[in-house]
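Hi,

Here is the structure I promised to pass on. Have a look at it first, and my notes on the ligand and the strands follow below.

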Amino acid sequence: MSEVKAVILVGGEGTRLRPLTSSVPKPMVPVLNKPFLQHVFKHLSNHGIRDIILALCYLPDNIQSYFGDGSDFGINLTYVVEDFPLGTAGAVKNVSQYIDSTFLVLNGDVYTDLDLTSMVAFHKEKGAKATIALTPVEDPSAYGVVDADADGRVKRFIEKPKREEAPSNMINAGTYVLEPDVLAHVEPQKFCMFERFLFPLLLETGQAVYAYPSDAYWIDIGTPDNYAKINLDLLSGETQADDSVDVHSSAKITGPVLFGSNCVVEADVVIEGPVVIGSGCIIKSGSFVRRAIIWPDTHLDSWTTIKDCVVGMGCRIEANACVVDGTVLGSDVVIGDSCHLSGGVRIDCGKSIDPDTTLKR
Ligand code: GTP
């Protein structure tokens, strides 16, 4: 299905993931030490999809300068930058000059191993105008629930239903197969959402909208908990470190732990995986790290404890400090010695916390 192009929506501000997204757009946050978007590209390539259009708005340069024309990643990238946020359907309308046949739309913050080849085949077999991938969730009340008949034809959409009133737990998974003519209903340069406007309109006008349920792995990386979860879920097997990583012989590492290049792990450090550590990190003697994501160039001084949290780029955690229990640090944060941060506290980029401070959300 090499003729199918994909549009990836990567223009959102990622407010729920702040402060991690204050300086890095959500598609570029590292997952297993690579920008998240690179994992999405790999999934598309695995299904023969190499022509990819990125609909950008927030911090576009960051994405364009890293991926260029895509050739280093085996794909062909086209970028379209919005002057202001156009919403999910508005953003796709804005790239319509590059689309002339059945195409895919992907939310740029979803990771899934959905069988895209089968989904496109299903869409064509049904003669659908739009096919929406569905995924089961435990509690659908925060999502858009899609109600379909036995043949897969969508009957109605229910936005954020009460749990007991939801007809099913199958929600819109943010992956669509569309025919180009559905975009005729979207006004150019106007904010417009698929979920609230275009899909309901297609139903009202009697057009064939189908649901494609699957139990493929699916996660929206848009919250710190889910961002940590995808890293930890994808990490498996042995500890991985290249020759540039310097681990003291007395350090105790139980995997899986992934190290970027040029990390230093000093004496008596204990690291209990799953843990992801970016390049250039220094972990000084006696520190303890468990279930954490640490971005590049962060320094942990001696006897620090880092547990169940995400630490941004270039942070410094001073001696004896304890950063645990869902804490999220933006980039270039300094945590003074003997501080204790817990309970999902979030510290903005560039902030310094005085020694001996206790913070709990
Ligand atoms: P939050 O602010 O945390 O809700 O994140 P978000 O706005 O980045 O994400 P949301 O879940 O609302 O959007 C789903 C996907 O659509 C994400 O990949 C966004 O990047 C993308 N998106 C949302 N709004 C726009 C937009 O106006 N333009 C473009 N190009 N993409 C968008």
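The ligand takes up the space of the largest pocket. By pocket I mean, on a 1 Å grid over the protein atoms alone, an open set of points where a 1.4 Å probe fits, with protein on both sides within 12 Å along at least five of seven lines; a molecule sits in one if more than half of its atoms lie within 2 Å of its grid points.

Before you read on: this is a predicted model, where local features need pLDDT of at least 70 and side-chain atom pairs count only at pLDDT 80 or more, while totals for chains, interfaces and linings use all residues. Residues are numbered from 1 along each chain as its sequence is written, and side-chain values use heavy atoms, with hydrogens and water left out.

Now the polar contacts (pairs of N or O atoms within 3.5 Å). An oxygen atom of the ligand is 2.5 Å from a side-chain N or O atom of T15. Taken alone, the ligand exposes 610 Å², and the protein buries 83% of that (Shrake-Rupley method, 1.4 Å probe).

On to the strands, which pair if DSSP finds at least two bridges between them. Seven strands form an open sheet with parallel pairing, in the order β14-β17-β20-β22-β24-β27-β30. β14 (246–247) and β30 (352–353) are at the edges with a single partner strand each, so one side of each has no neighbour in the sheet. β27 (residues 334–335) runs parallel to β30 and is joined to it by two bridges, with V334 opposite S352.

Strand β23 (residues 305–311) is also worth a look. Six bridges pair it in the parallel sense with β21 (residues 288–294), and I294 stands opposite V311. β23 also pairs in the parallel sense with β25 (residues 322–324), over three bridges.

Cheers

Conventions: Polar contact = N/O pair within 3.5 Å; in protein donor to acceptor, adjacent residues only side chain to side chain. 1 Å grid on protein atoms, 1.4 Å probe; cavity = no way out; pocket = protein on both sides within 12 Å on 5 of 7 lines; lining within 4 Å. Helix = DSSP H or I, 4+ residues; strand = E, 2+ residues; numbered from the N terminus.
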